[in-house]
Amino acid sequence: MKVLVTGIAGFIGFHLAQRLLARGDIVIGVDNLSDYYDVSLKQARLASLKEHPRQANLTFIKLDLADTSATDALFSSEKPERVVHLAAQAGVRYSIKNPYAYASCNLVAFVNVLEGCRHHQVEHLVYASSSSVYGGNAKLPFSEDDTVDHPVSLYAATKKANELMAHTYSHLYRLPTTGLRFFTVYGPWGRPDMSPFLFANAILSERPIQIFNHGDMMRDFTYIDDIVEGLVRVLDKPATPDPDFDTTSPKASTSNAPYRIFNIGNSQPEMLLDFIGALENALGMTAKKEFLPMQAGDVKSTFADTSALQAWVGFKPNTKLESGIERFIKWYRAYYL
């Protein structure tokens, strides 16, 4: 297939592109190389892709998807058969500091991608949602059919908006769309603004790590290879209308339009202090800890119910935390030390 991957220089986009190239797909990669975090890491990911044995099947285009005319020209010239939209302004805490970045990257850009898919007969749009949409929900595990109308950050609100926007295009134009709610993704080449990197860097530098809510937090850490496996399987199975959809009692995750929403998480949430312990074991060092109150926009716990994903594509993430952390630290030492 010819697949457009947006955010290809990002953490997940990079790993997905490697997988698609390995199986013989033609990959059109787009990224604006935002300076939200270290651009040299994004450039290193792209450099690694260019060394792929099938790099001849890869085209990279630097482009801001919030630019409507440029995005339309992209779809007109490249004519992708399927699209995986991973480009976004990430970060829960940053959305409190810089809300306008989220309106441009997560809303305007998403409309442009939807329009591109609509006008150029794209067979399937798969896009990144987030576990953040569950907001203040306290019932665990999180199910796709739970109400998600109480976001606690603008980032979460934009991801919920993406799901609603996708449904509209599925309904009006019969565009198959599938949203994946990612749960705390980690692994080699990960983002330096996320906890595995921040904690590893602090431990190795013998600086205290900041532990919010005094450590009383739980996360469903999901290894990158599992995320990519789920993405590829979902990409290969376009969303279809739910034959059992009941408009008098509608489920949130399906529709009478070709629309699906799935959680993708490890379904084995870990206490934050246990996660730190796994990092300490992999590094052979003990962390200095600074316990702090909960941060604005954060949530106490995440826990994915992935039964719908497993029923749809026959897969559920299953990488053990200790194994994933060891692989992350091996990469971290090789790249940074």
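Reader: Is Arg219 buried or exposed?

Author: Arg219 is buried, with a relative accessible area of 14%; buried denotes under 20% relative accessible area, exposed over 50%, and partly exposed the range in between, with a 1.4 Å probe and protein chains only. The model is predicted: local features need pLDDT of at least 70, side-chain atom pairs count only at pLDDT 80 or more, and totals for chains, interfaces and linings use all residues. Residues are numbered from 1 along each chain as its sequence is written, and side-chain values use heavy atoms, with hydrogens and water left out.

Reader: With which residue does Arg219 meet in a salt bridge?

Author: Side chains of opposite charge can pair when their charged atoms come close. The term salt bridge requires a side-chain nitrogen of Lys or Arg within 4 Å of a carboxyl oxygen of Asp or Glu. Here the partner of Arg219 is Asp298, at 2.8 Å from N to O. This pair links distant parts of the chain, 79 residues apart: Arg219 lies in strand β9 (residues 218-219), and Asp298 in the loop between β13 (289-291) and α10 (307-313). Helices (H or I, at least four residues) and strands (E, at least two) are DSSP runs, numbered from the N terminus. Asp298 also counts as buried, at 19% relative accessibility.

Reader: How many salt bridges does a search of the whole structure find?

Author: The search finds 16 salt bridges. One of them joins Arg23 to Asp236, with the closest N and O atoms 2.7 Å apart. Arg23 is in the loop between α1 (11-22) and β2 (26-31), whereas Asp236 is in the loop between α8 (224-235) and β11 (259-264), 213 residues apart. Arg23 counts as partly exposed at 34% relative accessibility, and Asp236 counts as partly exposed at 38%.

Reader: Which residues are linked in a network of salt bridges?

Author: Arg19, Glu229 and Arg233 are linked in such a network.

Reader: How many disulfides does the structure hold?

Author: A disulfide is a pair of cysteine sulfur atoms within 2.5 Å. The structure holds 0 disulfides.

Reader: Which class of accessibility applies to Cys105, and which to Cys117?

Author: Cys105 counts as partly exposed at 21% relative accessibility, whereas Cys117 is buried, with a relative accessible area of 1%.
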